Amino acid sequence: MVVTATKDVKIRISTDFTQLTKSVKREAYQLPSVEETLGKIQDRKVFSKLDGSSGFYQLQLTKESFEYTTFITSFGRFAYQRCRFGISSGPEIFQRTLQNIIHNSQVKGVVVHADDIVKDAPFVWGQSQQKSFNDIKILLTTVPTLAAYNVQYPTRISTDSSSYGGVGGVLEQLQPDSSWRLISYCSKSLSIAEQKYAQIEKEALAIAYTCKRFNQ
């Protein structure tokens, strides 16, 4: 067992399931290749991408199964109640589960690849899409999403860059209830010269820009 810290200052526990996976019965399910998935959307120009939050953790293990994930610590024995990365049958079960959800919901124009869901239906922007866009903007700029800045609270920034020409970031503060709340947003378009940066340089630019913007 290895304990590491994640980027959002949380603890991640990694366990070696090498011996367990030798006895796991694999699913009779063929995972699609990247080429196969891309072939289904090759004629599309506009996409929406959904990334499954926490991946395998969405799959709950049965009591008979999670007992096999037991690991020993100095505080006692513990077992995982949800699927973990490293279990050999995890990717196949996760892919099949998502495929079944999409199939049963009869959603058209959707392709599933691992924890990514891409909608390749014709792109239409109508009144319902505009209303949803306006609703999201309101939710992102009002309470309870946003909180007031407090000079005494621990502060951090989260940044990101896009290969399509922009960088952005958010300012967050740790609240008394131990939750991180958004304080403010910032973003900018990249110049022609900045668009030619390597992706790692764009990520660094996002950090520098966000720090400078919120330091004013």
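Glu 172 lies in strand β9, where strands (E, at least two residues) and helices (H or I, at least four residues) are DSSP runs numbered from the N terminus. Glu 172 is buried, with a relative accessible area of 10%; buried means under 20% relative accessible area, exposed over 50%, and partly exposed in between, with a 1.4 Å probe and protein chains only. This is a predicted model, in which local features need pLDDT of at least 70 and side-chain atom pairs count only at pLDDT 80 or more, while totals for chains, interfaces and linings use all residues. Residues are numbered from 1 along each chain as its sequence is written, and side-chain values use heavy atoms, with hydrogens and water left out.

**Surroundings of Glu 172**

- The side chains of Glu 172 and Ser 158 are joined by a polar contact of 2.9 Å. A polar contact is a pair of N or O atoms within 3.5 Å; within protein, one must be able to donate a hydrogen and the other to accept it, and residues adjacent in sequence count only if both atoms are side-chain atoms.
- When neighbours within four places in sequence are left aside, Glu 172 is in contact with Pro 154, Thr 155, Arg 156, Ser 158, Trp 180, Arg 181, Leu 182 and Ile 183; contact means heavy atoms within 4.5 Å.
- Arg 156 stands opposite Glu 172 in β9.
- Arg 156 also lies over the face of Trp 180, at 4.0 Å from the ring centre. A charge sits over a ring if NZ of Lys or CZ of Arg is within 6 Å of the ring centre and within 35 degrees of the ring normal.

**The β8-β9-β10 sheet**

- Three strands form an open sheet in the order β8-β9-β10, with antiparallel pairing; two strands pair if DSSP finds at least two bridges between them.
- The edge strands are β8 and β10, each of which pairs on one side only.
- On average, neighbouring strands of this sheet are turned by 20° against each other, direction ignored. Axes are lines fitted to C-alpha atoms, for helices over the stretch in contact, and angles run from 0 to 180 degrees between N-to-C directions.
- Antiparallel pairing of β8 and β9 extends over 8 bridges. These two strands form a hairpin with 3 residues between them, and Gly 165 in the turn has a positive phi of about 115°.
- β9 and β10 run antiparallel and are joined by 9 bridges. The bridge partner of Leu 174 is Trp 180 in β10.
- Helix α7 (residues 199–214) packs on the sheet and touches β8, β9 and β10; the direction of α7 makes about 140° with that of β8.

**Aromatic pairs**

- The structure holds 4 aromatic pairs. Rings of Phe, Tyr and Trp (its six-membered ring) pair if their centres lie within 6.5 Å; planes under 30 degrees apart count as stacked, over 60 as edge-to-face and the rest as tilted.
- One of them joins Phe 17 and Tyr 80 edge-to-face, at 6.0 Å centre to centre with 70° between the planes. Phe 17 lies in the loop between β2 (11–14) and α1 (18–21) and Tyr 80 in the loop between β5 (76–78) and α4 (90–104), so this pair ties together parts that are 63 residues apart in sequence.
- Phe 17 counts as buried at 6% relative accessibility, and Tyr 80 counts as buried at 9%.
- Trp 125 and Phe 133 form another edge-to-face pair, at 5.9 Å centre to centre with 70° between the planes. Trp 125 is partly exposed, with a relative accessible area of 47%, and Phe 133 counts as partly exposed at 38%.
- Phe 17, Phe 71, Phe 78 and Tyr 80 are linked by ring pairs into a cluster.

**Backbone features in loops**

- Val 143 and Pro 144 are joined by a cis peptide bond, with omega about 10°. Pro 144 lies in the loop between α5 (127–140) and β8 (155–162).
- Ser 178 is a residue other than glycine with a positive phi, near 70°. Ser 178 is found in the loop between β9 (166–174) and β10 (180–189) and counts as exposed at 60% relative accessibility.

**Serine positions and C-alpha separations**

- Ser 33 is placed in the loop between α1 and α2 (34–40) and counts as partly exposed at 34% relative accessibility. Ser 33 and Ile 101 are 68 residues apart in sequence and 20 Å apart in space, C-alpha to C-alpha.
- Ser 65 lies in helix α3 (residues 63–66) and is partly exposed, with a relative accessible area of 34%. Ser 65 and Arg 82 are 17 residues apart along the chain, and their C-alpha atoms are separated by 9.5 Å.
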